[in-house]
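Here is a short report on one protein model. Take a look at the sequence and the structure first.

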Amino acid sequence: MQIGELAARTEVPDRLLRYYEQRGLLSPRRTSGGHRVFEDADVIRVGIIRALLAAGLNTATIAIVLPCTEYRAGQLHATCPEMAGHLARERSRMSEAINRLERSRQALDSLLSISEDRSVSGTLDL
């Protein structure tokens, strides 16, 4: 199938499919005229890529774990033991980012609280 059909079947824009190819996540064969040819398995592969992106992984990490991931019975499954280390590092990175965002939100909540208290009197001291 050509890229347009893959885009239609996966509901992923062809521009994004080309990006996945550029990042090494898809590897279509090429015709003598240079057109991409995708296989039915690429529909599943795009679904896996989308699921991993939705889980918060970046494309560099997906390129590492994708060969060790398969889709069975409606779920993603790890097929390589070494993938656990990559995923644990990603989870740790996400946890740190969440902690930073929570601290930022608390700081904003404090500022908003002060602002609301001061707006009653009409001034806000900075």
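## A residue at the surface

Does glutamate 11 count as buried or exposed? Glutamate 11 counts as exposed, because its relative accessibility is 74% and the cut-off for exposed is over 50%. Keep in mind that this is a predicted model.

Where does glutamate 11 sit? Look at the loop between helix H1 (3-10) and helix H2 (14-22). The backbone there deserves a glance too. Most residues other than glycine have a negative phi. Glutamate 11 is not a glycine, yet its phi is positive, at about 60°.

## Helices and strands

The protein has 5 helices and 4 strands. Follow the elements from the N terminus and they read α-α-β-β-α-α-β-β-α. The protein is more spread out than a compact globule, because its radius of gyration is 22 Å, well over the 14 Å that the globule rule gives for 126 residues.

The box filled by the C-alpha atoms tells you about the dimensions. Along the principal axes, the box is roughly 75 × 35 × 25 Å.

How many of the 126 residues count as buried? The share is 25%.

The protein exposes about 8600 Å². Carbon and sulfur atoms supply 52% of that area.

## Charges

The protein carries 17 positive and 16 negative charges.

Note on methods: Residues are numbered from 1 along each chain as its sequence is written. This is a predicted model: local features need pLDDT of at least 70, side-chain atom pairs count only at pLDDT 80 or more; totals for chains, interfaces and linings use all residues. Side-chain values use heavy atoms; hydrogens and water are left out. Helices (H or I, at least four residues) and strands (E, at least two) are DSSP runs, numbered from the N terminus. The radius of gyration is taken over C-alpha atoms; the globule rule is 2.2 Å times the number of residues to the power 0.38. Buried means under 20% relative accessible area, exposed over 50%, partly exposed in between (1.4 Å probe, protein chains only). Accessible areas come from the Shrake-Rupley method with a 1.4 Å probe; for residues, only the protein chains shown count as cover. Lys and Arg count as positive and Asp and Glu as negative; His and the chain ends are not counted. The place of a charge is taken as NZ of Lys, CZ of Arg, CG of Asp or CD of Glu.
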